[in-house]
Amino acid sequence: MPAVVYATVADVTTAIGESDLLAISDRDGSGEVDADSVEAALAEASSTADSYMAPWLPLADTPAVLRRHVVAIAVYSLAGNAETDDQRRRYEDAIAWLRDVAKGVVSLGIPPAAEAPSTSSVPTYHTAARVMTRETLRGLL
């Protein structure tokens, strides 16, 4: 699971409505939304988003546009083989948007995270310029 999940079950409910959410998440026919499967789909969708947004991670806040695309990816995943044309189109749009984020074509509205300092185990040394060189010792030897 990613460190951060960018959307909630409530976000999915708001986006597609409770009846549509019930239709794609009620796997056992209980007549209730399976919140665990929705949360798992959201975690997977967030992980997919993370794979495109590495330079911006970790995010301090979730931009609304990212939340919308994560919901679209999760809904498509939940629908499985019964996805609608609209769900497929939203999924494809979300992936295209993430690709554009990765290429720098579109912005998250935030600057990329600062580069982490190097954790190399090889020590580095900085010294002053050499005083004794072949040129400065010429004629002494």
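The largest nonpolar core holds 29 residues, and Met53, Leu66, Val70 and Leu98 have the most contacts inside it. A nonpolar core here is a set of buried Ala, Val, Leu, Ile, Met, Phe, Trp, Tyr and Cys residues joined through side-chain atoms within 4.5 Å; buried means under 20% relative accessible area, exposed over 50%, and partly exposed in between, with a 1.4 Å probe and protein chains only. Two or more residues come from each of helix H1 (9–16), helix H2 (18–25), helix H3 (35–52), helix H4 (64–79) and helix H5 (85–103). Of these, H4 gives the most, with nine residues.

The model is predicted: local features need pLDDT of at least 70, side-chain atom pairs count only at pLDDT 80 or more, and totals for chains, interfaces and linings use all residues. Residues are numbered from 1 along each chain as its sequence is written, and side-chain values use heavy atoms, leaving out hydrogens and water.

Beyond its neighbours within four places in sequence, Leu98 is in contact (heavy atoms within 4.5 Å) with Ala49, Tyr52, Met53, Leu66 and Ile73. Arg99 lies in helix H5 and is partly exposed, at 45% relative accessible area. Its C-alpha atom is 9.0 Å from that of Met53, 46 residues apart along the chain.

The chain has five helices and zero strands, taken as DSSP runs numbered from the N terminus (helices H or I, at least four residues; strands E, at least two). Of its 141 residues, 28% count as buried. Among contacts with a separation of 6 or more, 69% are between residues 24 or more positions apart.
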